[in-house]
Amino acid sequence: GTLSKDNELHVFRIVQELMNNSMRHGKAKGIELNFNPTKETLFLHYKDDGEGFDTDKMSIQKGLGLRNIESRVSLLQGEISYYSEKQKGVEVKITI
C-alpha cells in the first residue's frame with residue numbers, strides 16, 4: 001500500500017521523534033531502522049543501543065514525545081509496541 005503525502009509526513013515525524021528520543025534521552029550511539037512495506041501494511045522496526053527505560057514506568061514517562069508518536073500512529077490507524085530495559089536500548093515496532 002502506498003501512503004498519502006500526509007501520512008508519509010506522519011511516518012517521517014514519528015521516526016524523527018524516535019531518533020530525537022534516542023539521542024537526547026537514551027544517549028544512543030547507534031540506531032537501526034528498517035522499513036518493510038507489503039501491499040497491505042508498512043512495518044517499521046526501530047532499535048537503538050541507548051540507555052533504555054523501564055517499560056513498567058512508561059506511563060509516567062509519556063512526556064518523552066511518546067504521546068506525540070502515539071497520536072500520530074493512531075491517526076494512521078496503526079499499532080505500536082515498545083520493548084526496552086534499562087541499559088539495553090529501546091526497540092519499537094510500528095505497523096501501519
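Met-19, Met-23 and Ile-31 together make a nonpolar surface patch of about 250 Å². Patches here join nonpolar side chains (Val, Leu, Ile, Met, Phe, Trp, Tyr) within 5 Å and like charges within 9 Å, using residues with over 30% relative accessible area and no salt bridge; a salt bridge is a side-chain nitrogen of Lys or Arg within 4 Å of a carboxyl oxygen of Asp or Glu. Accessible areas come from the Shrake-Rupley method with a 1.4 Å probe, and for residues only the protein chains shown count as cover.

Please keep in mind that this is a predicted model, where local features need pLDDT of at least 70, side-chain atom pairs count only at pLDDT 80 or more, and totals for chains, interfaces and linings use all residues. Residues are numbered from 1 along each chain as its sequence is written, and side-chain values use heavy atoms, with hydrogens and water left out.

- Ile-31 belongs to strand S1 (residues 31–37); helices (H or I, at least four residues) and strands (E, at least two) are DSSP runs, numbered from the N terminus.
- With a relative accessible area of 32%, Ile-31 is partly exposed (buried means under 20%, exposed over 50%, partly exposed in between; 1.4 Å probe, protein chains only).

**The nonpolar core**
- The largest nonpolar core has 17 residues, and Ile-14, Leu-18, Val-92 and Ile-94 touch the most other members; such a core is a set of buried Ala, Val, Leu, Ile, Met, Phe, Trp, Tyr and Cys residues joined through side-chain atoms within 4.5 Å.
- Two or more residues of this core come from each of helix H1 (5–24), S2, helix H2 (66–75) and strand S4 (90–95).
- H1 gives the largest share, four residues.
- Leaving out residues up to four places away in sequence, Leu-18 touches Tyr-46, Ile-69, Val-92 and Ile-94 (contact means heavy atoms within 4.5 Å).

**His-45 in strand S2**
- His-45 sits in strand S2 (residues 42–48) and counts as buried, at 17% relative accessibility.
- Its side chain makes a polar contact with the side chain of Glu-91 at 2.7 Å (a pair of N or O atoms within 3.5 Å; within protein, one must be able to donate a hydrogen and the other to accept it, and residues adjacent in sequence count only if both atoms are side-chain atoms).
- Beyond neighbours within four places in sequence, the contacts of His-45 include Leu-33, Asn-34 and Val-92.

**Two loop residues with positive phi**
- Gln-77, in the loop between H2 and strand S3 (79–84), has phi near 55° and is exposed at 73% relative accessible area.
- Gln-87, in the loop between S3 and S4, has phi near 65° and is exposed at 63%.
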